[in-house]
Amino acid sequence: MKHYFELNEWNIIEKGFNTDNNEISESVFSLGNGYMGQRANFEEDYSGISLKGNYIAGVYYPDKTRVGWWKNGYPEYFAKVLNSTNWIGISIKINDITLDLAKCSVREFERVLNMKEGYLKRRFVVALENGNEIEVNTTRFISMTRSEIGVIKYSIKLLNFSGKLEVSPYLDGNVVNCDSNYDETFWDEISKDVKPYEAYVMLKTKKLDFHICTSMTFELTKNGEVIKPPLVTLDESEKYVANTISVDCDKNDELVIYKYVANTSSRYYEIPELIKITRELSTKAKNDGFEILLKEQAFAWSKKWQESDIVIEGDVSAQQGIRFNIFQLNQTYTGEDYRLNIGPKGFTGEKYGGGTYWDTEAYCIPFYLSTANEKVSKNLLLYRYNQLDKAIENAEKLGFKNGAALYPMVTMNGEECHNEWEITFEEIHRNGAIAYAIYNYVNYTGDKSCLGEFSLEVLIAISRFWAQRATFSTSKNKYVILGVTGPNEYENNVNNNWYTNKIACWTLAYTLKVINYLSENETKRLSELTLKLNFNDDEIINWKNIIKNMYYPRDEALGIFLQQDGYMDKEQILVKDLDKKSIPINQNWSWDRILRSCFIKQADVLQGIYLFEQEYDIATIKRNFDFYEPRTVHESSLSPCIHTILAAKIGDYDKAYNMYLRASRLDLDNYNNDTKDGCHITSMAGTWMAVVHGFGGLRVINNKLILNPFIPDHWCSCSFKIMFRGTLLNIKFTKEALQIQNEHEIPVNLSVYENDYYLNGNDLLEVKLP
Ligand code: BGC
């Protein structure tokens, strides 16, 4: 754990320059707008340790798989979102010496991420090796309103000398992915052009033919006046274009460069149009100017915050943590494009390759359901629907038939690209999360139109998979699911993982329920679908039989669900009794020792209890929580949030708060010592759930909004915004009372601690809390 950011409600502030923290800060100060994003690298040259990264959503590369021992069924490639043209670069020379923070004496340094208005600022004072001192101030943002545009204001002030300043804004496509499997480069140059004050470079991926075009324009001011020195040196080389302008300056002069960049891709424009459009976009940005673009940015973010802010009074650390998470989630995915999804690291790093995981359905959907127009979550459902054919192909490759679908563990276009057998082939519970997301969407929004439109097709295909994957055990006289890995990846090839068996049967039952609903409400559509899918009553009978006769491992004496067959044969040790030096066990123990141990990486049985909470009484939830929590090492960032919610449910408020702390500042405090790889974007959605579902106790049951809030001891108040069925609700609670302000006209029914209320449009409801 490393705590070096200043506490502040709206800003992330780093003071002082510690090169050891640079990669961590590069992740934390990342910028993005759903279409592109980048790590917080410096504009000027930097020869210290840095992971340079600019990423364009959906532009990926099928990098050849690397494995020790090939197994049939492994995917050919591991797709990764590509590091693409470095568009922020501005080289600076001062009296012929290159500005490089690794090579000069840094006197003052400050970086601020302004989350309220969505920009990154940096200020530093340095002395170069020749004694020249300068002050630099930069502001950079990626526009939330113009998806292709990034803007930089870079100011240099001469503090103790007069002399020559050379500024070279450039675009550089000579970039690599640090996680490339064979150290290959992935881009070819297609064309480029460089003129005074303008340049572009167009690249193409070596496979799949994604084209990206990056164009820059810029403007210089000296002491506030626009200058246009006529002498501009043009540089170009393979995938690289630059302008260099030399300006004579006096002591105290301030030179500012405004750089306007457009990044486009062939995902959105026709290739022959790309160059023209990109240049027009950057020119338009320049013509509109920095101040207007910055205002647009602040306005767009104020709108985001109006809909998704969480306010915690009395705990700045918690406030900063939750806002940081909401900020990063909104930077990662905006939901306008149904072909895009949410990588576990968003645009903040390369780990996980930017692919789609079950994280989206299990953790992210609740956040977007409550904080964005329902179209956003619907687009996430459509994303999977559009990949259904590939999921069916994937299942066929593994021997399943008749339209059974196994969605991939990691994907970019629907094809599996994860290649560890225990995950690729065995972590099949992911299929259930995709079905659950459909339920979640319908349950939260009340919008059932997706069921007939496209969701039933997904549900039937997933159910077919479960029906074929379950086998009948004559010795148990029950259906079993063998050879799986549950959410707890610290156990592989287990039989009857309770969570997997549970979500499999739940999917079958939910699919049947949806079929029932459509038979009553959309008969014609249901007939079309059953014909198209060749679906018949025998399947229904079979599914019902599986549901009725599924085996669920239990420990009767303890009164708990067993994570899998044989779990109790393991030596039962608690995390608290582990030698502190062995934690995290994934960095200190051999893999076989982990597999043999009883330690659980992330919520597994408890994940299932969280999803299907309504089926269990409090005593059951408590028994399972009290058993599993002390055995869980939470070495997946996705784990503590689920434990927070269940701890809150059973009234273990201290535990809930402690678990929450672990989740909420995971990256800001570098809790797992891995923030340098990128931020844990998908688990940030879990942190949001911890506040809203955990402390707020929010649920939607039978079309009614339920709130059972409790507030951690030292918080004065907590409030969050949610959208619910056309309303926007501002929900605030203290120890004594709950206030709900309906900010829209539509009334809403709700229940607080089992009392029902009806809240009119634009009204305020106040409830005393027990
Ligand atoms: C977790 C998975 C998760 C993946 C990506 C892994 O460490 O165990 O559940 O899908 O990270 O976030």
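Residues are termed buried when their relative accessible area is under 20%, exposed when it is over 50%, and partly exposed in between (1.4 Å probe, protein chains only). The structure is a predicted model, in which local features need pLDDT of at least 70 and side-chain atom pairs count only at pLDDT 80 or more, while totals for chains, interfaces and linings use all residues. Numbering starts from 1 along each chain as its sequence is written, and side-chain values use heavy atoms, with hydrogens and water left out.

Helices (H or I, at least four residues) and strands (E, at least two) are DSSP runs numbered from the N terminus. Strand E28 (residues 717-724) is mostly covered, with eight of its eight residues buried. On one side, Ser717, Ser719, Lys721 and Met723 are buried, as are Cys718, Phe720, Ile722 and Phe724 on the other.

Two strands are taken to pair if DSSP finds at least two bridges between them. Strand E21 (residues 310-313) runs antiparallel to E28 and is joined to it by four bridges; isoleucine 310 has phenylalanine 720 of E28 as its bridge partner. Strand E29 (residues 727-733) is likewise antiparallel to E28, through seven bridges, and phenylalanine 720 stands opposite isoleucine 731 of E29. Two residues separate E28 from E29 in a hairpin, and arginine 725 in the turn has a positive phi of about 50°.

A further open sheet comprises five strands in the order E8-E7-E13-E19-E18, with antiparallel pairing. Its edge strands, E8 (97-98) and E18 (232-237), each pair on one side only. Within this sheet, five bridges connect E7 (residues 90-94) with E13 (residues 163-172) in the antiparallel sense, and isoleucine 92 stands opposite valine 167 in E13.

The ligand is surrounded by Pro344, Tyr352, Tyr357, Trp358, Asp359, Glu489, Lys601, Gln602, Ser636 and Leu638, a residue being counted as near if one of its heavy atoms lies within 4 Å. Polar contacts are pairs of N or O atoms within 3.5 Å; within protein, one atom must be able to donate a hydrogen and the other to accept it, and residues adjacent in sequence count only if both atoms are side-chain atoms. A polar side-chain atom of aspartate 359 lies 2.5 Å from a ligand oxygen atom. The corresponding distance to an oxygen atom of the ligand is 2.9 Å for an N or O atom in the side chain of lysine 601 and 3.3 Å for a polar side-chain atom of tyrosine 352.
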